[in-house]
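Q: I would like to go through this model with you. Could we take it piece by piece?

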Amino acid sequence: MWSLGPVGFLSPWLLAGLVLLPVLWLILRAVPPAPLRRRFPGVALLLGLDDRESQSDRTPWWLLLLRILAVAAAILGFAGPVLNPAERGAPGAGPLLILADGTWADARDWPVRVARIEALLGEAHRANRPAAVVTLTDPPEETRFDPADAVLTTLPGLTPHPWEPDAEALADWAATLEGRFETVWLSDGLARDSRAALLDALESHGAVRVVQTPRRILALRPPVLDGTDIALEAVRTPIGGAAQATVAAHGRDPAGIERQLASATLDFAPGEAVAQVALALPPELRNRVTRFEVEGARSAAAVALTDDALRRREVGLVESRETREAAELMSPLHYLRVALEPQAELISGDLPVLIPANPDVIVLADAGTLPPTEAEALQAWVESGGLLLRFAGPRLAASDAGREGDDPLMPVRLRAGGRSVGGTMSWGEPKTIAPFETDSPFFGLAIPGDVTVRAQIVAQPGPDLAARVIAQLSDGTPLVTRKPLGDGQVVLVHVTANAEWSSLPLSGLFVSMLERLAISARTNTDTATDLTGTSWQAVEIMDAEGRLTETDTRASVAGEALVAGDLGPDLPPGLYEGEAGRFARNVTRADTTLAPARWPARIAVEGLGRAAERPLGGLLLALAVALMAVDALASLAVGGRLRARTALLLLALMLPPVPTAQAQEPPMDAQAEAFAQAATESVVLGHILSGDAQVDEVAQQGLEGLGRALWQRTSVEPATPMAVDPETDELSFFPLLYWPITGTTPIPSGAAYDRLNAYLRGGGMIVFDTRDAGIAGLGTTTPEGRRLQTIARPLDVPPLSPVPEDHVLTRTFYLLQDFPGRHQGRAVWVEAAPEEEPTPGMPFRNLNDNVTPVVIGGNDWASAWAMNPVGMPLYPVGRGMAGERQREMATRFGVNLVMHVLTGNYKSDQVHVPALLERLGQ
Amino acid sequence: MIASPATDTTPLGLRGRAEDLAAPLPPLLAEAEQLAQTVLMGEHGRRRAGAGSNFWQYRAAQSHDTARAIDWRRSGRADQAFVQEKEWQIAQSVALWVDDGASMGFASTPKLAPKSDRARLLALALAVALTRGGERVGLADHRLPPRRGRGQLSRLAQILSQDGTGDHGTPDPKSLAPHSRAVLVSDFLGPVEPIEAMLTTSADRGVRGALLQVLDPAEEAFPYDGRTIFESMSGALRHETLKAGDLRDRYLDRLAERRDRLSMLARATGWQFSAHRTSESAASALLWLYAALERR
């Protein structure tokens, strides 16, 4: 093959044809285009007319050039040009060392790497060279060069690891290398400090080739809880233009089945390495998330495990029974509230209310003996896994709780009364807290010197007291005691939860202790010192591809190492469990950045796949054909056979379509004015565009049908309904907006939300219709339901309830009790009525003094309302007469809805008419 | 192959189409200016008493009136006897001439009909309309003198369907009856002298009429370019140019000049002149002919 730069020719002798081009030029030049014979009756008028400018009867030069180019392209094309022809380099000699980084970044295309290693080994085998294959994440003790075919058999065992090579281990391994060999290094493409040193070491043994493909590598940083949102961050390399990545949150659903719970899209701005997205999830859902995964990335760095840092525990605070007129700071719950508020969901109330809510923790501050029924319920709750945290106080000290025998809800037996030290009436100094024992959950926490205890309640000595104490005072008296009860535990703090008895609640130690008790979620910034002294056991470990495997056979890891140590064979990424909860060790950290690896200029860097041979012949031949087509056109034009219009048409066909300039829109004011006029000429119902043309059409037809029914049956005579876009249109003209929700309905912008909220506050009504037959129930299982939640979240919507029996909507025009559309029967939600007991003798409560701002349902009313211009229904509803009945009911609901919007509580007030008449009579 | 009705050029087909075209028009009454000199009866009221069928006036009976002439109904209402006079009615004769030269066979695109087709159609449609109005129609040569009746139309169609020889046909001025009317349909692209002779001679004889120039759109636009040899339809004339587009303006000038000349000539001799394109509706041309013949 003869090559010219990067282009080689398969049959170079054909290029000799290029010599003919000048000859062709001369021939073509001499032959002018043939004249065209044309019959024309007006020739008598032409006689005697001479050509004013005598055009040369030779072919014009540009046409010649075109033809020459076409012929040249054809000759070149037939000569078989090939870009990047495969070179057959001379095989090297001596042993061959094949290195692979073997990190998580390799995981995605690991099979490609193995294939490349296979190819290298195959070449080595043909050249009879010994070879060795080493992954840097797992360097061997010693490196032996074996026959290449023997090494080939070990390849299936070669796996990447979810950590990065350890610089020290690499240095040790490099020191064991001997002799001269050639190195091929399959790089994962990420910059790493250890590379330079290893490269130097390898180069001292022989030539080094690097194989590296530039490709996109994504890493997901550990998720962070930001208020109630989960902040997700991803970094990428190389930094290119705008890109998107989808992050999916996985977890177990209530049935215990692993599934995707939510997803978010990360948008990388052009030139930005980091993309952020905030994922808003309800607490229940958030607590279920076990990991976030960048879809399609398949590497350990694209998976971020979650741990307790994302969980917000529900803590029930039991209000004390009697309402003391005490200062807020005296409240036993104040410090708890302040300490827990940022990290936990707090619920407060009575025990009978709290226990059914099943919080993670219930805090009883200074509660004495509990009524037997409550105590039983509480005990059952603790045994099923709850954590009961009790604080002492004057009332507990005064009560008989835990005196007589072992109270199940008290970790230890208590002695009567309390103990006061360091007060005005007692000897001795206030006591300090003794250092925590190693088996205490608080072990490792630093104890501030200024924490003192002035009073406490004292435990009755007993055989199991010592085992139950987890914190004590400097004199050995228990401060915190704990006992397991069923699956749960009961913890008693022997001082008050306020600063009355000790200064403990004023110190940071108090917060740390609560945290260790797994009451509050950990703060997001774990430091090694926070976890000093704790030990953690891996329960799930992650491989390089981001897959999780359960494990229970690994040695436990010290807390400080877990937080600060580098990942490695001893500390694989995964989920670790300790006494204070779960800790996720991810591949990435909050400050992880990625950079592409740079190699010195002397190192040859190859792509992973060889630059493919690319035959250019077809391209050139296509060019030749295109040129000939142009030549045909041009010849026609020169010969007068081409009509101008035909030429333009052909030209337009050949040119790529140019986007037409956007038509000048009429000025916004005029448009808005026209819209306002159209919307206010009469009662106009509106439907908000759902983003799906078909759904919008149904909504339009539905409102037209409803308008027809209103026109026939009531004094409301609506005009043609209008489609409304909250982004651009003023909403206040419409008494009622029908909003069909699809799974892809666009989320309104901020301005649109302002408009919608103003509309709702101004007395408007929006009817949300998910059109899914309401099977979503609370709205989490259909795409429409989820969309509705997303859309409605920023809306100013009051608390909702299913339409009560006596709601004014049931009797504004027709007396109705259910509200079918195309679907029948599920609950329709409206603004919740204020709590009011029905008055005996009155059929209706005195309710809702205004119009409900939203009606939410999924019965697809528009389809049931829809009529064609003749008044025939457009879409089937139910079957037979029952279906017609259902359609009639749907229409009646629509009439009621419009009447409700237009007349408000008028029908509700009519209940009072007899009373008013009676009063007038007097 | 079955000829579609729209392009049927057989005598029968031509007549059928012409009847179709003429159907919407009211019977065309050509104005008879020199009615006194022609004695043939027709349906043109002379606005004076004479032989005819329409009532003109009552006059007192005189001694030379026969008793049969007395209108007894009118006389019964008076003491005097009255005679009913009829309006004097007379028919006009119209001579048609359609260019049968080869140049009329030109059509620039297959979508358009040849000019000859359109010209014959117009002529025959006019003949149908005139016949229906009671006029006598004939050809402006010696083959078919003006007559009335449906049979005349068949003969007219028969003769009109024949193609002539040569590029351009020439009308024969001697064939026109004095004080009759004539309609000449041609493209008038050939020599203008025969037309001039025809018009001046006919003016001498008191014949008036209309000139209708039928042209193909291509003849008015000259949409040609490049090196071209133009040949006349019979191939007798030929003109070669290297750049046809360059000739366009001068050709159009000459065409306009030709029209001006015809138009001037027509005005001088009391004729009407109009141009018609085969891309236009035939009915508009027929309307114009109708109006031209009606004009005094």
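Q: To start, which are the buried residues of helix H14 of chain A?
A: This is a predicted model. In helix H14(A), residues 508-516, the buried residues are Phe510(A), Ser512(A), Met513(A), Leu514(A), Glu515(A) and Arg516(A).

Q: And what do the buried residues of H14(A) pack against?
A: They pack against helix H9 of chain A, which spans 334-340.

Q: Changing topic: in what order do the seven strands of the open sheet run?
A: The order is S19-S18-S20-S21-S28-S27-S26 in chain A, with mixed pairing. Strand S19 (345-349) and strand S26 (469-472) of chain A are the edge strands, each pairing on one side only. On average, neighbouring strands of this sheet are turned by 15 degrees against each other, direction ignored.

Q: Which helix packs on the sheet?
A: Helix H11(A), residues 372-383, does so, touching strands S21 (387-391), S27 and S28 (488-493) of chain A. The direction of H11(A) makes about 115 degrees with that of S28(A).

Q: How many bridges join S26(A) to S27(A)?
A: Three, and the two strands run antiparallel. Within this pair, Gln472(A) stands opposite Pro478(A) of S27(A).

Q: Now confidence. What is the mean pLDDT of chain A?
A: The mean is 80, and 87% of the residues of chain A reach 70 or more.

Q: Where does pLDDT stay under 50?
A: One such stretch is residues 322-326 of chain A, with one contact beyond four places in sequence. Another is residues 521-525 of chain A, for which the model has 13 such contacts.

Technical notes: Residues are numbered from 1 along each chain as its sequence is written. Chains are lettered from A and ligands numbered from 1 in the order in which they are written. This is a predicted model: local features need pLDDT of at least 70, side-chain atom pairs count only at pLDDT 80 or more; totals for chains, interfaces and linings use all residues. pLDDT is the predictor's confidence in each residue, from 0 to 100. Two residues are in contact if their C-beta atoms, placed from the backbone, lie within 7 Å. Two strands pair if DSSP finds at least two bridges between them. Helices (H or I, at least four residues) and strands (E, at least two) are DSSP runs, numbered from the N terminus. Axes are lines fitted to C-alpha atoms, for helices over the stretch in contact, and angles run from 0 to 180 degrees between N-to-C directions. A residue is buried if 20 or more other C-beta atoms lie within 10 Å of its own, exposed if 12 or fewer, and partly exposed in between; C-beta atoms are placed from the backbone.
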